Amino acid sequence: MTIPYLCTAAETPIFACSTGKKRASVCTGRTGGNEQLTYRIAPLEGAVEMEYPSGGAGAASAFQRGSQLGQDGTAVNFLSFDKGNFRYVVYATDGENGRKGVVVEQSGKRIADLRCQSDAMSAISTKELDHYGMRVDSRPLQLH
């Protein structure tokens with residue numbers, strides 16, 4: 001089964017899933033020697049409605065990374081970015097059938113948890129995120 005993702009031909013998906021109504025992807029690529037990550041979200045049958053960052057900022061300055069233990073003791077790795085007073089967090093728990101999704105917070109309050117359905121892939125791991133040189137996001141991720 002191929003997981004539909006929103007990356008260009010020059011990019012590789014490190015996270016992709018369908019949440020039922022939307023598709024979300026995080027793609028990695030290089031521009032002018034800079035390693036970049038790009039987050040995109042789109043309706044299932046529509047064009048990309050949000051892309052971050054715009055203007056080719058490098059991954060290290062555009063994103064933060066984090067890790068915490070979930071309620072069941074499994075590790076949750078995540079990638080986050082802030083846009084205005086919104087915080088977007090793309091997360092994946094360890095394990096083949098771990099939970100994946102995107103949490104959106106506004107001024108510190110969770111306003112959306114877009115849970116991935118079965119067709120999801122993630123290479124978001126501490127090892128994967130380490131080499132981008134991102135700052136650590138120490139704010140807790142609220143998963144329920």
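A: Helices (H or I, at least four residues) and strands (E, at least two) are DSSP runs, numbered from the N terminus. This is a predicted model, in which local features need pLDDT of at least 70, side-chain atom pairs count only at pLDDT 80 or more, and totals for chains, interfaces and linings use all residues. Residues are numbered from 1 along each chain as its sequence is written, and side-chain values use heavy atoms, leaving out hydrogens and water.

Let's start with the whole. The chain holds 2 helices and 11 strands, and from the N terminus they follow the order β-β-β-β-α-β-β-β-β-β-β-α-β. Its C-alpha trace spans about 40 × 35 × 30 Å along the principal axes. Of the 144 residues, 45% count as buried (under 20% relative accessible area, with exposed over 50% and partly exposed in between; 1.4 Å probe, protein chains only).

Most residues other than glycine have a negative phi, and most peptide bonds are trans. Ser107 is also exposed, having a relative accessible area of 56%.

Pro53 lies between strand 4 (50–52) and helix 1 (59–62). The peptide bond leading from Tyr52 to Pro53 is cis, with omega near -10 degrees.
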